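The following account leads the reader through a predicted model.

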Amino acid sequence: MSIEATPEVLSGLQHWRELPAAQQPQWPDEGELARVTTELREFPPLVFAGEADSLREKLAMAARGEAFLLQGGDCAETFAESTADRIRNKIQTILQMAAVLTYGASLPVIKMGRMAGQYAKPRSSDQETRDGTTLPAYRGDAVNGHPFTEADRTPDPRRLLGAYQRSATTINLIRAFTNGGFADLRLVHQWNRGFTANPAYARYEVLAAEIDRAMRFMRAAGVDFEALRTVDFYTSHEALLLEYEAAMTRIDSRTGDPYNTSAHFLWIGERTRQLDGAHVDLLSRVRNPIGVKLGPTTTADDALALMDRLTPDGEPGRLTFITRMGAGKIRDVLPGLVERVTADGRPVTWVCDPMHGNTITSPSGYKTRELATVLDEVHGFFEVHQALGTVPGGLHVELTGDDVTEVLGGSEEVDEAALARRYETLVDPRLNHQQSLEMAFDVAEMLRGY
């Protein structure tokens, strides 16, 4: 027997329409938008309520220091790159990182992709001007096209259907890879051997050798490796496009509660976390575990007010604070937030996003980051939690499984000249495969010393 939502719940899911909504496209045809969202409401869910419940329980473990979250993927997925090879490479990179972190922390690692829905991005300006021509800013493939033409840049509601379809095929591939033997721990470790075979990574050979010995011990002890052939892999994206997220919000037949079925985990961005805004209101009404990005201007009162709106009862695993302070500010700003939130008593999971606060422009004009600075923010995150006796719960990273050259530094020494070689992102620079693994080994050492 299915349980229906109460009239109060159903009407509440529409309340966001009465509130200020930041970062929304200017859709030129409201009738077409209505037709598209009606169609979306008839589509099957992309994820299921029980999966979101399971993730919430695991995030509660991360808040207590009993697990660690690894959340990684593209800054903005594109329709053109939603191919089997690209998806496989991202999954492979996240699984490799997770294997290293699991060993370093002796903790289960929650594997989550910024995948299967990250097709929209907030922008600092609604418009972009080139050579005297002004057009709408590129807001991600779910909204408009990247080429600088009026036809491409005009927001098109039909693209929301394209985002759904590509999210569905991506999730299908994720399930196939992670449940079909591709995620076998023995294979993942073999991939890491290739990483350490590069002479530049000599500092990691000791840890890799320890993992190898542990694998041999497990095999000799008769551990059932069949049980290690599959993993749980969760999806996430920023809940930015409200019409899409509202259309993908469904009522769970088991409980009558609303869940956002576009992803297991949704987060609210630094630009859309207004307490009286539409994004906070809509996500306050769904049962998924949710996150909020907190930048360097966030006050402790802001954080507590967000808790009042998003987890008033302090349900474990419900709320994740994703800090994005910048390496130069995290050691000064984060302690006050963590102290006040901890004193409140309601649990939250603290996660570090070391990417978004450390973006720079290279002399040649490329939007980039420096790996050393990114890692410095992670170190600062751990140092703050260690000093306060609180729990660093996870890592949120923009990465790709491909050998792009978008972030400076690392043992491969990506320099200014190398940026032009394979700079492929349409929005923010991502760690490449090797840099991602270098980060994992570095964080594993931090977790081991924690």
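A salt bridge is taken here as a side-chain nitrogen of Lys or Arg within 4 Å of a carboxyl oxygen of Asp or Glu. By this rule, the predicted model contains 40 salt bridges. Several of these pairs are considered in turn.

Residues count as buried under 20% relative accessible area and as exposed over 50%, with partly exposed in between. Glu66, at 36% relative accessibility, is therefore partly exposed, and Arg64, at 48%, is likewise partly exposed.

A second pair consists of Asp301 and Arg340, with 2.9 Å between the closest N and O atoms. Arg340 has a relative accessible area of 39% and is partly exposed.

In what setting, buried or exposed, is Arg369 found? Arg369 forms a salt bridge with Glu398, and the closest N and O atoms lie 2.8 Å apart. Arg369 is located in the loop between strand S13 (367–368) and helix H13 (371–388), whereas Glu398 is in strand S14 (residues 394–398), so the pair ties together parts that are 29 residues apart in sequence. Arg369 is buried, its relative accessible area being 0%, and for Glu398 the value is also 0%, which places this residue in the buried class.

Salt bridges can also share partners. In this way Asp53, Arg56, Asp252, Arg254, Asp257, Arg287 and Glu315 are joined into one network.

The account now turns to strand S5. Strand S5 comprises residues 233–238, and six of its six residues are buried, so the strand is largely enclosed by the rest of the structure. In a regular strand, side chains alternate between the two faces of the sheet. In S5, Phe233, Thr235 and His237 point one way, while Tyr234, Ser236 and Glu238 point the other way, and all are buried.

Which strands pair with S5? Strand S2 (residues 109–114) pairs with S5 in the parallel sense over three bridges. Within this pairing, Tyr234 of S5 is the bridge partner of Met112. Strand S8 (residues 265–268) also runs parallel to S5 and is joined to S5 by three bridges. Here, Leu266 of S8 is the bridge partner of His237.

Definitions and conventions:
Residues numbered from 1 in each chain as written. Predicted model: local features only at pLDDT ≥ 70, side-chain atom pairs only at ≥ 80, totals over all residues. Heavy atoms only, no water. Buried < 20%, exposed > 50% of the residue type's maximum accessible area, 1.4 Å probe, protein only. Helix = DSSP H or I, 4+ residues; strand = E, 2+ residues; numbered from the N terminus. Pairing = 2+ DSSP bridges.
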